[in-house]
Every structure is written in C-alpha cells, then in structure tokens.
Amino acid sequence: MPSHTLDPAGSAAFPPPVPPTPAAHERASPGDIAVGVVIGRTSEYFDFFVYGIASVLVFPAVFFPHLSRLDGTLFAFAIFALAFVTRPIGTVLSMAVQRRWGRATKLTIALFLLGTCTAGIAFLPGHASLGGVAIALLAVLRLGQGLALGGSWDGLPSLLALNAPESRRGWYAMLGQLGAPVGFILASSLFAYLYSSLSQADFLSWGWRYPFFVAFAINVVALFARLQLVSAHEQDGLLDRQEFEPVSTAELLGSQGHNVFIGAFAALASYALFHIVTVFPLSWIHLYAQQSITGFLGIQIVGAFLCAGAIVASGWLADRYGRRQTLGSLAVLIGVFSGFAPTLLNGGEVGQDLFILIGFVLLGLSYGQASGTVTANFAPRFRYTGAALTSDLAWLFGAAFAPLVALGLSAHFGLGFVSLYLLSGAACTLGALRLNRSLESRG
C-alpha cells in the first residue's frame with residue numbers, strides 16, 4: 001500500500017480533502033468542527049490531570065498511608081498507568097459497539113462510563129475505612145476510565161483534517177491539542193486554590209474530591225456538545241464515508257499494522273515529555289524540594305499558558321516547513337533538553353522553574369503536531385480505527401509509565417534517568433520518521 005502522508009518537503013500531513021456536497025459544506029466549516037474538538041479534548045484532559053495531580057498530592061496519603069511517601073507515590077503512579085493499558089482495549093470494544101449500534105451510542109456509553117468512574121473516585125473511602133479494598137476499588141475505577149477514554153474517539157479530528165484548507169492543515173491540526181494545556185490550567189488552578197485555602201486535614205478529607213465532581217460536570221457538558229456535532233455531521237453524510245467507519249482490529253493490524261506502530265513511535269518524543277513536565281516534577285518537588293506546592297503549581301500554570309502559545313506557533317511552523325521537519329527538529333531539541341534536565345532539577349528553585357517553563361514550550365511545539373502524524377498512511381477504510389489505535393499506543397508507549405519510571409529510577413539512582421527517558425523518546429521519533437520516509441520512497 002503506497003504511503004502518502006507527507007510530500008518530499010513533509011508538508012502534506014493529511015489526505016486530499018473530498019469535495020463536500022453543498023449542504024455538507026454549509027454545515028461543516030472547519031471552525032465549527034474545531035469548537036467540538038477543543039471542547040471534547042479539554043474535558044478529557046481536565047479529567048486526566050485531575051487524576052494525575054491527585055496521584056501526587058492525595059492518593060499516597062489517602063490510599064497508601066501505611067507506606068513511605070515515596071513508595072505511596074510510586075504505587076499511586078502504578079495505578080495511574082492502568083488507564084493507558086486499558087485504553088487500546090476500550091478502543092477495540094467501542095469499535096465493535098459502533099459497528100452494531102452507531103457512533104452516538106458508542107460515544108454516550110464511553111462518556112457515561114468515564115463520568116461514572118470519575119464520580120466514583122470522588123466518593124471512594126480511603127485506606128483508613130476499607131483497607132486494601134479501597135486500593136482495589138481505585139484500581140478498578142482507573143481501569144474503567146481507560147476503557148472509557150478508548151471509547152471516546154469520535155472522528156471529529158479526522159473530519160476537521162479533511163475539511164481544513166490545504167494551506168492551513170498544520171494550523172487546524174493543532175487546535176485539538178489545545179485541550180491539553182487548557183485542561184491542565186483548569187485542573188492545576190482548582191487544586192492550587194483548594195490546597196492553599198484548606199487545612200491539610202480538610203484537603204485530604206474532602207477538599208480533593210471537589211475537582212472530581214467538577215470533572216463529572218464538564219464531561220456531561222462535553223457529551224452533549226459532541227453528540228450534537230456528531231449527529232449534525234451524520235445527517236450531512238460526512239461521517240458515513242469510509243474514512244469514518246470502524247473496522248475490526250484484527251483486520252487493521254493484519255493489513256496496516258506497520259502504519260499503526262510507525263504512527264505511535266513517530267509521536268513518542270512529545271508523549272515522553274508530556275508527563276515529565278507535568279506530573280513527574282510535581283512529585284519530585286513534593287518529595288524532595290523546598291518549593292511550596294501552591295507556588296510550583298503556579299509556575300506550571302504559567303508554563304501551560306506558554307505551552308498553549310507554542311501549540312499555536314506549531315501550526316504556523318508546520319504549514320511553513322512541513323510537519324515531518326517540524327516534528328523531527330523538535331525531537332532533536334527535546335534530546336538536547338534532556339541533557340540539561342538533571343542540572344535544572346538540581347538547580348534549586350530557579351533551575352526547577354526553568355525546567356518547567358522550557359519544557360512546556362518544547363511540549364507545545366512538538367505536541368501541537370503530534371496528533372495523527374502518519375494517519376494518512378492508512379487506506380481510507382482503515383483510517384478511522386487506525387488513528388484511534390495509533391493514539392492509544394503512543395500514550396501507552398510514551399506516557400503511561402513515565403511518572404513511575406522517572407520517579408522510581410531518579411529517587412534510587414539519580415536524575416540522569418530522566419535524561420535517558422527523554423532521549424529514548426526523541427530517538428524513537430527520529431527513527432519512525434526516517435522509516436516512514438523510507439517506506440514512502442519505496443512506494
């Protein structure tokens with residue numbers, strides 16, 4: 001199957017747009033689709049970061065009080081990773097649901113499950129009340145969140161790609177990625193307020209539960225917004241083409257498995273950096289540094305604003321220089337940044353703040369174009385399922401175990417292992433992009 005993700009300059013990241021019917025064109029403006037994509041991704045990332053921050057500030061004390069602070073945090077990170085393990089399973093199951101009952105049913109089930117698990121965590125008693133059962137229930141609810149996230153793929157990013165003007169595809173590709181910094185800003189701001197306003201006892205007793213209730217409410221709003229868009233575009237017939245219909249995973253992997261793995265590894269530098277500048281440093285500061293948690297969350301919030309600006313800039317860079325060249329160049333810069341990570345994290349408050357701010361800028365520039373890097377390699381009938389599974393595997397390989405591995409190795413052997421983790425992600429991205437170019441030249 002010939003590959004056609006990128007032209008020789010690396011600028012054409014998406015397949016040629018299919019001319020819509022007049023009615024479809026009237027309803028399917030890229031701006032309208034982009035609103036739905038941003039709303040959906042923001043709700044998912046808010047949920048995502050609420051759990052990640054709680055894994056540092058709450059869960060070690062509430063669910064693992066019988067362990068040391070380090071071991072409690074490591075166990076919390078192990079449960080944190082479970083959602084990324086079950087996410088591909090959720091995608092496989094949800095595609096079967098969609099083939100039988102439709103896209104709207106699949107999306108409703110997925111987001112209902114996500115909201116139920118999120119609210120369930122908010123009501124969950126701690127270790128003091130239930131002992132080991134509380135830990136088991138936390139793990140089950142986290143597994144449920146992963147299944148739900150796998151089922152939440154709605155196809156709107158691909159629809160946006162196909163309806164974007166050819167000269168601005170990099171710009172529209174980055175819009176959905178803005179959900180990450182926006183979700184982080186909202187989650188961090190809420191936790192910073194509660195952490196600074198409540199006593200430690202009140203925060204660990206009931207204050208930490210409030211962000212999970214907020215996440216549930218945001219999921220409900222996002223569900224209706226996304227269902228409305230999906231329904232409208234199904235009526236237009238835009239979501240009935242081959243590009244937006246699911247296929248069985250066995251058929252996908254049998255025919256296009258190499259494209260799935262190339263796509264997952266092509267984005268690995270961005271996904272490896274993702275948790276290294278968000279969740280991991282918060283745990284390091286909480287355990288080993290003198291900075292106040294509220295102040296450090298404030299620095300991370302500033303970094304997230306810089307990340308949002310960098311994501312916007314990535315759209316301009318990709319349209320000007322091509323997505324492949326942009327991603328490859330950013331992978332090299334992430335590799336260089338990895339060499340300075342131990343020095344910055346050991347450099348006191350100034351060094352730690354610089355690590356966060358520089359890291360967030362690099363994250364924005366790279367993550368802004370990491371979505372669907374080689375999606376167009378897939379034949380049209382495999383593109384919908386292929387894009388979802390590629391994203392799931394990128395999260396699993398690059399981000400799932402990053403906080404656990406980085407904190408565990410750094411605590412026992414030194415911060416140099418943070419450098420190795422980031423460097424391995426950069427090497428995987430460069431290798432995958434090179435392999436993709438080689439396959440294109442042969443095709």
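Contact, as the word is used in these exercises, means heavy atoms within 4.5 Å. The structure is a predicted model.

**Exercise 1. Find which residues of α13 and α19 meet, and describe how the two helices are arranged.**

Step 1. Begin with the residues: Thr249, Leu252, Leu253, Asn259, Val260, Phe261, Gly263, Ala264 and Phe265 of α13 are in contact with Thr385, Gly386, Leu389, Thr390, Leu393, Ala394 and Phe397 of α19.

Step 2. Sorted by class, the residues of this contact comprise 10 nonpolar and six polar ones, with no charged residue.

Step 3. Turn next to the geometry, where α13 (residues 249–266) packs against α19 at an angle of about 50°, the axes being 9 Å apart. The two helices are therefore oblique to each other, and their crossing is right-handed.

**Exercise 2. Determine whether α4 and α19 are roughly parallel or roughly antiparallel, and list the residues that join them.**

Step 1. The axes of α4 and α19 (residues 383–398) come within 8 Å and cross at roughly 165°.

Step 2. Angles over 145 degrees count as roughly antiparallel, so α4 is roughly antiparallel to α19. The crossing in which α4 passes α19 is right-handed.

Step 3. On the α4 side the contact is made by Phe84, Val85, Arg87, Pro88, Thr91, Met95 and Gln98, while α19 contributes Tyr384, Thr385, Ala388, Leu389, Ser391, Asp392, Leu393, Trp395 and Leu396. By class, this contact of α4 with α19 has 10 nonpolar, four polar and two charged residues.

**Exercise 3. Work out how α16 and α17 are oriented and where they touch.**

Step 1. Helix α16 (residues 293–321) and helix α17 (residues 323–345) pack with their axes 7 Å apart, at an angle of about 120°, and they are therefore oblique to each other.

Step 2. Leu317, Ala318 and Tyr321 of α16 meet Arg323, Gln325 and Thr326 of α17, a contact that has three nonpolar, two polar and one charged residues.

**Exercise 4. Describe the second largest pocket by its volume, its lining residues and the helices that supply them.**

Step 1. The volume of the second largest pocket is about 160 Å³.

Step 2. Its lining consists of Gly90, Leu93, Ser94, Val97, Lys106, Ile109, Ala110, Leu113, Leu147, Ala148 and Gly151.

Step 3. At least two lining residues come from each of α4 (69–101), α5 (103–123) and α7 (132–151).

Step 4. By class, the lining of the second largest pocket has seven nonpolar, three polar and one charged residues.

How values were computed:
Residues are numbered from 1 along each chain as its sequence is written. This is a predicted model: local features need pLDDT of at least 70, side-chain atom pairs count only at pLDDT 80 or more; totals for chains, interfaces and linings use all residues. Side-chain values use heavy atoms; hydrogens and water are left out. On a 1 Å grid over the protein atoms alone, a cavity is a set of points where a 1.4 Å probe fits but cannot get out, and a pocket is an open set with protein on both sides within 12 Å along at least five of seven lines; lining residues have an atom within 4 Å of a point. Grid points are joined across faces, edges and corners, and a volume is the space filled by probe spheres set on the points. Helices (H or I, at least four residues) and strands (E, at least two) are DSSP runs, numbered from the N terminus. Ala, Val, Leu, Ile, Met, Phe, Trp, Tyr, Cys and Pro count as nonpolar, Asp, Glu, Lys and Arg as charged, and the others, Gly among them, as polar. Axes are lines fitted to C-alpha atoms, for helices over the stretch in contact, and angles run from 0 to 180 degrees between N-to-C directions. Angles under 35 degrees count as roughly parallel, over 145 as roughly antiparallel, 65 to 115 as roughly perpendicular and the rest as oblique. A crossing is left-handed if the near helix is turned anticlockwise from the far one by less than a right angle, and right-handed if clockwise.
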